[in-house]
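Q: I am new to reading protein structures and would like a close look at a single part. Could you walk me through how the helices and the sheet sit together?

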Amino acid sequence: MNRTTVGWRLGLAALLALAAGCFRNTLSTIELDVPAMKSEACAQAVRDAVAKLGTGPDGAVRDVRADVAARKAWVTYDNVRLGRRNVEVAIRHAGFAVNDLPADEDARKQLPPDCQ
């Protein structure tokens, strides 16, 4: 093999190695404490708030699960397109305290009584 062929192959190998790094997993799942999520209606309000960030296979949010008994929600999202705080703020603006963020008081007043 001549030097040109070896150089070309090394260059191609390096390019393929770099390209492989571009396909890393960009999904994260976060656990959220939502103390006022006391009923299925509250859980649906939380899911709806997160869904506004964009759901589905092409959306930034891939999955939203809620456990009313534990008053927790789990959101799987594309961490390149969306940040953890974006998810928390969406829930806050829906009227729920979440993790270390207090509820938006005007939105909280609009929730059903069992979610306040």
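A: Let's start with a word we will need: two elements are in contact when they have heavy atoms within 4.5 Å of each other. Keep in mind too that this is a predicted model.

Now to the sheet. Its three strands form an open sheet in the order β1-β3-β2, and their pairing is antiparallel. The edges belong to β1 (27–33) and β2 (61–67); each has a single partner strand, so one side of each is left without a neighbour in the sheet. On average, neighbouring strands here are turned by 15° against each other, direction ignored. Look next at β1 and strand β3 (residues 72–78): they run antiparallel and are joined by seven bridges.

Helix α3 lies across β1 and β3, and runs at about 40° to β1. Helix α2 lies across β2 and β3, running at about 165° to β2.

Finally, see how the two helices meet each other. The axes of α2 (residues 40–51) and α3 (residues 84–93) come within 8 Å and cross at roughly 130°. That angle makes α2 oblique to α3, and the crossing is right-handed. At the contact, V46, A49 and V50 in α2 meet V87, A90 and I91 in α3. Sorted by type, the residues of this contact are six nonpolar, no polar and no charged.

How values were computed. Residues are numbered from 1 along each chain as its sequence is written. This is a predicted model: local features need pLDDT of at least 70, side-chain atom pairs count only at pLDDT 80 or more; totals for chains, interfaces and linings use all residues. Side-chain values use heavy atoms; hydrogens and water are left out. Axes are lines fitted to C-alpha atoms, for helices over the stretch in contact, and angles run from 0 to 180 degrees between N-to-C directions. Helices (H or I, at least four residues) and strands (E, at least two) are DSSP runs, numbered from the N terminus. Angles under 35 degrees count as roughly parallel, over 145 as roughly antiparallel, 65 to 115 as roughly perpendicular and the rest as oblique. A crossing is left-handed if the near helix is turned anticlockwise from the far one by less than a right angle, and right-handed if clockwise. Ala, Val, Leu, Ile, Met, Phe, Trp, Tyr, Cys and Pro count as nonpolar, Asp, Glu, Lys and Arg as charged, and the others, Gly among them, as polar. Two strands pair if DSSP finds at least two bridges between them.
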